[in-house]
Each structure stands twice: as C-alpha cells, then as structure tokens.
Amino acid sequence: MKTISIINLKGGVAKTLTADNMAHVLAVFHNKRVLLVDNDKQGNTSKAFGVHSYDEKSLSDVLTARRLDVREVIKKTRFENIDVLPANMTLIRANMEVLMDTTRPQQTRLRAALDPVAGQYDFCIIDNAPDINISTINALVASDDVIIPIKIDKYAFDGLAELKEQIEDTRDDLNPRLRLAGCLITCFIRADAEKQGEAWLRSRPEYPVFDTRIRYSEKVTESTFSEMPIAEYSRRSGTAMDYIAFVREYLNRGKD
Ligand SMILES: Nc1ncnc2c1ncn2[C@@H]1O[C@H](COP(=O)(O)OP(=O)(O)OP(=O)(O)O)[C@@H](O)[C@H]1O
Ligand SMILES: [Mg+2]
C-alpha cells in the first residue's frame, strides 16, 4: 500500500477535491483498491462519499482508543474499490487527547493502525485539514508521498516553507520514506497573474511541480452538490480530464 498525504496549510486550495478525485480515478480508471482517510474535522471527504456520521466510530477513535481494529471504522462506499476512514468534529477533542496522553507514542498511531490493512489496498490517500496538528503529523508519519495542491493567488505561497520544514523534520525524525512528490496547481485559470505565480513556483528547485495543471470548471460545484466525483459527473470537463491526466503523470513518475 502506497500512502499519499494531500496537504497544504492553506484552506480552500482543493485538497479535498484532489484527494477524492485522485481516489476515484485510481479506483475506476486504474482498477486500484483505495482507502481514503479523512483527516479533517470538517469531514468533507466523509460527506462526499456519504459516510459522515456521529453514531459510528471515526478517525478520532483510531487515534485515541487502545487496541481498536481499524476495520471496525473503515466504511464501504458505492464504489467497489473505494473505502473511507471517516472523520467528524470529534477530531478536535481527539487531537487534544492524543497530546495529553504521553503514556504511548503520539505520532505513530495512524501508521500503526493502518498497518493491518496495508495488504488490502494499493493506495491510501489522506485528505488533511489546513493545519499542522498532531493528526497531520500522524498522517505524515504514515505517508510515503506528499502532494501539495496550490491554488495560485496573492497568498498562494504562504506557509509553503513551514510545510516543507515539517515534511523534512518528519522525514529526519520519524519516517525516512517520506518524500515531497510534488506541488499540484489547482483551480487554474489562464490569467496573467496566475501564469506569473506558476512561473515563480516552477523556478524554485526546492518545490517540484507536476506538469499537469488542474483547470477551474463550473462543473465542479455541481458535481460536489451531486456527491459525484468530477470524472463521473462530467467526464469531458477540463477538471475531470486534468485529474485523469494528473493521476497518469503521478503513476508514471513513480516508475522512474
Ligand atoms: N478545479 C476546480 N474548479 C472549480 N472549483 C473548484 C476546483 N477545485 C476546487 N474547487 C472548489 O473550491 C472549493 C475548495 O475546494 P476543497 O474543499 O477541495 O479545498 P480544501 O483545500 O480541501 O479546503 P479546506 O481547507 O477547507 O479543507 C470548493 O468549493 C471546490 O468545489
Ligand atoms: Mg478539505
């Protein structure tokens, strides 16, 4: 199982859209078995796949309970190859509980919990909150690759250096496998300012950038209301074609 964290300290940059659609493209177009981990109290990924709930166990229990089998928490979805480990607002409290409980390791809990199901999936994709907290660190410790979605605007690069530092610290201290697979330009509109922002990003060797850019499309809002991945809702929209191309690029890069 290859584990990928989708992360950016900034909100609203298409982390969730990227995680969910990457999972969908891997599952449906490449026939891969995918576990999607919702690591955000907002529970957007859980809602998108119809598994958001307060009545059943969630990521909070995975991070706080002792000897919990993660299979009790993972939910099936209407897609045969996509399962979801859901989250909800209880993650706020769970994060505090993890921090207060110093009797066991705090940063390796997600990795340890996912270990027993690693043979059941080809990919695990973690949709993170726009934050660095103990559950984000757990995600980085559990991951092989990091993908940073970036929506180019005036503040697009805020927090990028801090995130890069966090990735490097995690790699040095806890997870030598971790690598920044690349930044992914999302919500792209062919405006001059966006092109300048993109040129700046592509000129910085410390931030690898995927060749594929994800174009903005009005179809995306409609697709989220319909709870459908974009390639299912509108296969011919620019955004769908770009997520399909992006996953192909990501898989090809891994072959190098
Ligand atoms: N390519 C696109 N075309 C049109 N709208 C988009 C596109 N990508 C993202 N959006 C919209 O931008 C908004 C933010 O996207 P999303 O929820 O994926 O971001 P996020 O980074 O996960 O946000 P948060 O930090 O709150 O978790 C959503 O309303 C989404 O539908
Ligand atoms: Mg999100």
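**Exposure, salt bridges and the ligand site**

Biologist: Why is Lys-57 called partly exposed?

Modeller: Its relative accessibility is 37%. Buried means under 20% relative accessible area, exposed over 50%, and partly exposed in between (1.4 Å probe, protein chains only), so Lys-57 falls into the intermediate class. The model is predicted, so local features need pLDDT of at least 70 and side-chain atom pairs pLDDT 80 or more, while totals for chains, interfaces and linings use all residues. Residues are numbered from 1 along each chain as written, chains are lettered from A and ligands numbered from 1 in written order, and side-chain values use heavy atoms, without hydrogens and water.

Biologist: What makes Glu-72 and Lys-57 a salt bridge?

Modeller: Their side chains meet at 3.8 Å, N to O. The criterion is a side-chain nitrogen of Lys or Arg within 4 Å of a carboxyl oxygen of Asp or Glu, so the pair qualifies. Glu-72 is also partly exposed, because its relative accessible area is 48%.

Biologist: How do you know that Asp-122 and Arg-33 link distant parts of the chain?

Modeller: The closest N and O atoms of their salt bridge are 3.1 Å apart. Asp-122 belongs to the loop between H5 and strand S5 (123-128), and Arg-33 to the loop between helix H1 (15-29) and S2, 89 residues apart. Helices (H or I, at least four residues) and strands (E, at least two) are DSSP runs, numbered from the N terminus. Asp-122, at 27%, counts as partly exposed, as does Arg-33, at 35%.

Biologist: Into which classes do the partners Lys-76 and Asp-83 fall?

Modeller: This salt bridge spans 3.7 Å, N to O. Lys-76 reaches 66% and is therefore exposed, whereas Asp-83 has 8% and is therefore buried. The whole structure holds 18 salt bridges; Lys-2, Asp-145 and Arg-179 are linked in a network of them.

Biologist: Which residues of helix H4 are buried, and why are they said to line one face?

Modeller: In H4 (residues 90-100) they are Leu-91, Ala-94, Asn-95 and Val-98. Seen down the helix axis, they fall within an arc of 105°, so they line one face; the arc is taken from the directions from the axis to the C-beta atoms. The face turned away carries the exposed Arg-93 and Met-100.

Biologist: What makes a residue part of the surroundings of ligand 1?

Modeller: One of its heavy atoms must lie within 4 Å. There are 16 such residues, Val-13 and Lys-15 being among the closest. A polar side-chain atom of Lys-15 lies 2.7 Å from a ligand oxygen, and a backbone N or O atom of Val-13 lies 2.9 Å from one.

Terms used. Polar contact = N/O pair within 3.5 Å; in protein donor to acceptor, adjacent residues only side chain to side chain.
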